[in-house]
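Please read the points below alongside the model.

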Amino acid sequence: MTSALACDLTVGYQGIAVARDVSLEIERGQVVTILGPNGAGKTTLLLTLAGFLPVIEGTINVGGRPIRDGSARRLNRAGVVLVPDNRALFTQLTVTENLAVAKRGCGREGPSVSEVLDLFPPLHPRVRLDAGMLSGGEQQMLALARALVQGPRVLLIDEMSMGLAPVVVEALMPTIRTIADEAGTAVVLVEQHVRLALEVADYALVMVHGDVVLHDRAVALRNDMSALEKAYLTATLA
């Protein structure tokens, strides 16, 4: 089976490595969560996979095809869509307008706006409101919806829980599993809520100081959190 996403990368800024030899291979419908302390290189990896940072060394393959120049435009056309940690919404456009702009700009078939909104019922009565008037949880729903309306092959989600109450995160997280199962989308989820991320993921990587120190099935880590604790402990002892 051809992987939805495969990479073996060294990533960083201005040629200086932040994370080294990070290998991923994700099939359609799989969720991989990337865990680790702040400064581990998780966001840098996602920005590189989305083409917003140049690859220092290595390759990115989407659907079995190498993306040679690694540009954001080329990766997006191949089906890679990023939900950034700041959500990057057009705050003075309505919910509907944000979704319409994303759909027009993606250049490929995807679900309709109404189909995507059905995944996020709280947005239905808000569709005519400007995005800037939404609550934090509603803005995160809109950021996810804006990505999904583009019909992504690979969905990259950076810190979905940032700035949200735990109860909101707990309500949103199962949607990630639904997206993977129903649309066959491959999802890479960077997340600080370890327990919730492991509940929806198939596999997990733990990064510490730019290195992958643990890679296992999510269910195995859920059943033995001591391995995670040891991995995180290396960050405090280093």
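Does Asp211 count as buried, partly exposed or exposed, and at what relative accessibility? At 33% relative accessibility, Asp211 counts as partly exposed, where buried means under 20% relative accessible area, exposed over 50% and partly exposed in between, with a 1.4 Å probe and protein chains only.

1. Basis. This is a predicted model, in which local features need pLDDT of at least 70 and side-chain atom pairs count only at pLDDT 80 or more, while totals for chains, interfaces and linings use all residues. Residues are numbered from 1 along each chain as its sequence is written, and side-chain values use heavy atoms, with hydrogens and water left out.

2. The Arg20 pair. Asp211 forms a salt bridge with Arg20, and the closest N and O atoms are 3.3 Å apart; a salt bridge is a side-chain nitrogen of Lys or Arg within 4 Å of a carboxyl oxygen of Asp or Glu. The two residues belong to distant parts of the chain, Arg20 to strand β2 (residues 16–26) and Asp211 to strand β10 (residues 211–217), 191 residues apart. Helices (H or I, at least four residues) and strands (E, at least two) are DSSP runs numbered from the N terminus. Arg20 has a relative accessible area of 31% and is therefore partly exposed. The count of salt bridges comes to five.

3. The Arg177 pair. Arg177 forms a salt bridge with Asp202, with 3.1 Å between the closest N and O atoms. This pair also links distant parts of the chain: Arg177 lies in helix α6, and Asp202 in the loop between α7 (194–200) and β9 (203–208), 25 residues apart. Arg177 is buried, because its relative accessible area is 18%, whereas Asp202 is partly exposed at 27%. Arg177, Asp202 and Asp181 are linked in a network of salt bridges.

4. A pair within α7. Glu199 forms a salt bridge with Arg195, the closest N and O atoms being 2.9 Å apart. Both residues lie in helix α7, four residues apart, which is about one turn of the helix. Glu199 counts as partly exposed at 45% relative accessibility, and Arg195 counts as partly exposed at 46%.

5. The sheet. Six strands form an open sheet of mixed pairing, in the order β6-β7-β8-β3-β9-β10; two strands pair if DSSP finds at least two bridges between them. β6 (80–83) and β10 are the edge strands, each pairing on one side only. From one strand to the next the twist averages 15 degrees. β9 and β10 pair in the antiparallel sense over six bridges, and the bridge partner of Leu205 in β10 is His215. Helix α1 (residues 42–49) packs on the sheet and touches β3 (31–35), β6, β7 (154–158), β8 and β9, its direction making about 150 degrees with that of β7. Contact means heavy atoms within 4.5 Å.

6. Helices α5 and α6. The axes of α5 (residues 136–148) and α6 (residues 166–183) come within 11 Å and cross at roughly 10 degrees. That makes α5 roughly parallel to α6. Axes are lines fitted to C-alpha atoms, for helices over the stretch in contact, and angles run from 0 to 180 degrees between N-to-C directions; angles under 35 degrees count as roughly parallel, over 145 as roughly antiparallel, 65 to 115 as roughly perpendicular and the rest as oblique. Gly137, Gln140, Met141, Leu144 and Leu148 of α5 make the contact with Val168, Leu172, Ile176 and Ile179 of α6.

7. Around β8. Val187 lies in strand β8 (residues 186–190) and counts as buried at 0% relative accessibility. Leaving aside neighbours within four places in sequence, Val187 is in contact with residues including Val31, Val32, Ile157 and Ile176. Thr185, in the loop between α6 and β8, counts as buried at 2% relative accessibility. Not counting residues up to four places away in sequence, Thr185 touches several residues, among them Gly29, Pro152 and Ile179.

8. Positive phi. Glu159 is a residue other than glycine with a positive phi, near 50 degrees. Glu159 is found in the loop between β7 and α6 and counts as buried at 8% relative accessibility. His209, also a residue other than glycine, has a positive phi near 50 degrees. His209 lies in the loop between β9 and β10 and counts as partly exposed at 44% relative accessibility.
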